[in-house]
Amino acid sequence: MMIAHWFAAALIVGGTAAAAEPTRTPTRMDTEIVPNQVDNITTTDEVAIGRDIGDRMTVDVSVGGRGPYQFLVDTGAERTIISTELAHRLRLEDGKDAVLHSVIGVNDVNTVFIPHLQVSNNVISVIDAPALAASNIGADGMLGIDSLRSQRVLFDFKANTMSITPSARRVERLDGETIVVRARARQGRLIFTEAQVDGQSVTVIVDTGSQVTIGNIALQRALMKKRLWTAPNMVEIESVTGEKLSAKVSELQKLELGEVRIENLAVAFADAHIFKQLKLQGQPALLLGMNAMRAFDRISIDFQSKKVRFVLPGTSMRNTVRLAQAGGI
């Protein structure tokens, strides 16, 4: 019998707060030329996004014409996930057994077939969607990258809306200073390889399903060696499968993603399974969570072109953040 292996990255944090608001630095505006082809079938309207108790993003979806139900938006998860309770309530057909790799570990899970899952007017079907306890997910389900491939997702944190459009469609004009950072793909996830933490090279994984940014042990050791390690606080992180792991929270002075700079970023350091799964346990790496992303007005994540657009805060917020001079990185 074939058993699939999938990864889900959503997690929440308990204990000492680890989501201190970072600051951010604009350096220039990027412009791009993209194909003019438009796929009108999968284009969605703007839909409202909410926030769960872990400060992650949720969006209304319907399943089989029923709902709305609250699903997390998780760019770090390979598969779309549904809660066991909702799957039973909707009498969804059982799927094949699967092995799910969470942030913390590996688990055997049951799956179901979701024939019609709709976000605004974007309708997909999900074969063998892992079914997990709602209490562990923190929502009715979770939209993974299997439902976002060949798409561009725009999160507007000011308006609390989200839109999904085909990557082939012309890039929408974003108000405000915008920085475009190119990424690479690894197992479907977007990864920044040209990044630095306090002068230390680091690989960064984009994950909207994580409340807090997580650093691996290799990065912790590198910072300790450079004496850039602040006295840590202890927290407990919990994965979508209910597993828990202790972590040490320390504050980074500066994270640079290309020309994007985030300052005073709280990071939970732990020997998390995700780094082993992505073969990053031996080099400094970060899982970029919501405490970093909500520093911006908008973030556009394009999975096909492998580009992330960061829209810097408006003038009204400039007095509360530290901004470096252009080119002053």
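A search of the whole predicted structure finds three aromatic pairs, where rings of Phe, Tyr and Trp (its six-membered ring) pair if their centres lie within 6.5 Å. Planes under 30 degrees apart count as stacked, those over 60 as edge-to-face and the rest as tilted. In one of these pairs, the ring centres of phenylalanine 192 and phenylalanine 310 are 6.4 Å apart and the planes stand at 45 degrees, so the pair is tilted. Phenylalanine 192 belongs to strand S18 (residues 189-197) and phenylalanine 310 to strand S26 (residues 307-311), so the contact ties together parts that are 118 residues apart in sequence. Helices (H or I, at least four residues) and strands (E, at least two) are DSSP runs, numbered from the N terminus.

Phenylalanine 192 counts as buried at 1% relative accessibility, and phenylalanine 310 counts as buried at 2%. Here buried means under 20% relative accessible area, exposed over 50%, and partly exposed in between (1.4 Å probe, protein chains only). Phenylalanine 310 also forms a tilted aromatic pair with phenylalanine 296, with 5.0 Å from centre to centre and 55 degrees between the planes. Phenylalanine 296 is in the loop between helix H5 (290-293) and strand S25 (298-302), 14 residues from phenylalanine 310. Phenylalanine 296 is buried as well.

Aspartate 302 is buried at 1% relative accessibility, and arginine 152 is buried at 1%.

Glutamate 256 and arginine 261 form another salt bridge, with their closest N and O atoms 3.9 Å apart. Glutamate 256 is buried, with a relative accessible area of 6%, and for arginine 261, also buried, the value is 6%. In the salt bridge between lysine 244 and glutamate 236, the closest N and O atoms are 4.0 Å apart. Glutamate 236 is partly exposed, at 38% relative accessible area.

Residues are numbered from 1 along each chain as its sequence is written, and side-chain values use heavy atoms, with hydrogens and water left out. As the model is predicted, local features need pLDDT of at least 70 and side-chain atom pairs count only at pLDDT 80 or more, while totals for chains, interfaces and linings use all residues.

Conventions:
Salt bridge = Lys/Arg side-chain N within 4 Å of Asp/Glu carboxyl O.
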